[in-house]
Amino acid sequence: MKKIILLQFIILFTLFGCKSQTINNTNVKSKSMTHKHPTLFKTINVDGINIAYREAGNPKNPTIVLLHGFPSSSHQYRKVLSQLSDDFHLIAPDYPSFGNSDFPLASEYEYTFDNIAKTIDAFLEKKKIGSYALMIQDYGAPVGFRIATAHPERVTAIINQNGNAYLEGLGDAWAGIRALWKDRNPETEKAILPSFSLDGLKWQYTHGTRNVETINPDTWHLDYLRLSRPNAHKVNMDLFYDYQNNLKLYPKWQQYLRDNQPPLLIVWGKNDEFFPESGAAAFKKDVKEIDYNIYDTGHFALEEDGDEIIEKIRIFMMKVGK
């Protein structure tokens, strides 16, 4: 009789325990799904130019503005938008002629970093976003630092993935562009054209990575399609040539860092031929407290180490918000 009662007890306990575990797992899954926000693909007109942008998350949460590099677009932040939308409001614009934004002719729009920063600043004004962290990468650095120096009171933090602001941060891959700065002519322009080829774009995404097979080839194929449009080479050559004016502003950006001491997260791919680790280390001269993280990967560190970097961003931004 005792054995029968004990057996019944074990059966009931097992059934109840399994049911409770199922309910708990369902609750966890439901909670996780409840807090996810889809990425929305939007467009807004800024001074006559349609700026395409991706937006995710609740606008009541802290905002992170994601500024892309060359030759990419807001597409490079797709993982960030997907994984951080539960806790943050994320907005990633495409610069004029990049991504899905309008591509005005050079006669209609001045392709300089000053003007692109002006457009993105006006974009944020029109969106009524007055407080934000900046995530910068490559071209995102000269765009972002222009905005930060114009509105230091609006910038809550800087997340830097291979976004340079120091002369020592310019790597060997700048040799051809430096020659263009010295003398822009058909020969110095021709020497840079391989940068726009499919192989050249693939190299930018895969060089310095640990495992090329982890890098999605859709990235450089998408960039190649955009760079194959009429006038695209001319526009991007203009930006390559104008990049020298960013170097002249480095002292101003460094002064901004010293004066304002923005919370700074470094998540840097150390094998970047354009912006090697020396560019990351240089920020230590001007910012007293840095969350400093170096990854054994290349120029587009999010492609290979996205999950780890995104978790770093989450923890960093949670601390900033306290």
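The buried residues of helix α4 pack against β3 (63-67), α3 (113-126), β5 (132-136), β6 (155-160) and α10 (244-260). Here, buried means under 20% relative accessible area, exposed over 50% and partly exposed in between, with a 1.4 Å probe and protein chains only. Helices (H or I, at least four residues) and strands (E, at least two) are DSSP runs numbered from the N terminus. The model is predicted: local features need pLDDT of at least 70 and side-chain atom pairs count only at pLDDT 80 or more, while totals for chains, interfaces and linings use all residues. Residues are numbered from 1 along each chain as its sequence is written, and side-chain values use heavy atoms, with hydrogens and water left out.

Helix α4 spans residues 140-150, and ten of its eleven residues are buried, so the rest of the structure largely encloses it. Among the buried residues are Pro142, Val143, Phe145 and Arg146. Two of these, Pro142 and Arg146, are touched by Asn246, a residue of helix α10. Asn246 also touches Phe113 and Trp253, not counting residues up to four places away in sequence; a contact means heavy atoms within 4.5 Å. Asn246 counts as buried because its relative accessibility is 0%.

**Nonpolar cores**

A nonpolar core is a set of buried Ala, Val, Leu, Ile, Met, Phe, Trp, Tyr and Cys residues joined through side-chain atoms within 4.5 Å. The largest has 65 residues, and Tyr139, Val143, Phe145, Tyr243 and Phe283 have the most contacts inside it. Helix α3 gives the largest share of this core, six residues. A second, separate core of 24 residues includes Met135, Ile159, Leu265 and Ile309. The contacts of Phe145, not counting residues up to four places away in sequence, include Ile136, Ile158, Trp253 and Phe283.

**Salt bridges**

Side chains of opposite charge can pair when their charged atoms come close. With a salt bridge defined as a side-chain nitrogen of Lys or Arg within 4 Å of a carboxyl oxygen of Asp or Glu, the structure holds 16. Three of them are listed below.

| Salt bridge | N to O distance |
|---|---|
| Asp86 and Arg314 | 3.1 Å |
| Arg146 and Asp114 | 2.6 Å |
| Arg258 and Asp286 | 2.8 Å |

Asp86, in the loop between α2 (78-84) and β4 (89-93), and Arg314, in helix α12 (residues 301-320), are 228 residues apart. Arg314 is buried, at 15% relative accessibility. Arg146 belongs to helix α4 and Asp114 to helix α3, so their pair ties together parts 32 residues apart in sequence. Arg146 is buried, with a relative accessible area of 11%. Arg258 is partly exposed, at 37%, whereas Asp286 is buried, at 8%. Shared partners join Asp86, Asp87, Glu311 and Arg314 into one salt-bridge network.

**Cavities**

On a 1 Å grid over the protein atoms alone, a cavity is a set of points where a 1.4 Å probe fits but cannot get out; lining residues have an atom within 4 Å of a point. Two cavities of 30 Å³ or more are counted.

Notes. On a 1 Å grid over the protein atoms alone, a cavity is a set of points where a 1.4 Å probe fits but cannot get out, and a pocket is an open set with protein on both sides within 12 Å along at least five of seven lines; lining residues have an atom within 4 Å of a point. Grid points are joined across faces, edges and corners, and a volume is the space filled by probe spheres set on the points.
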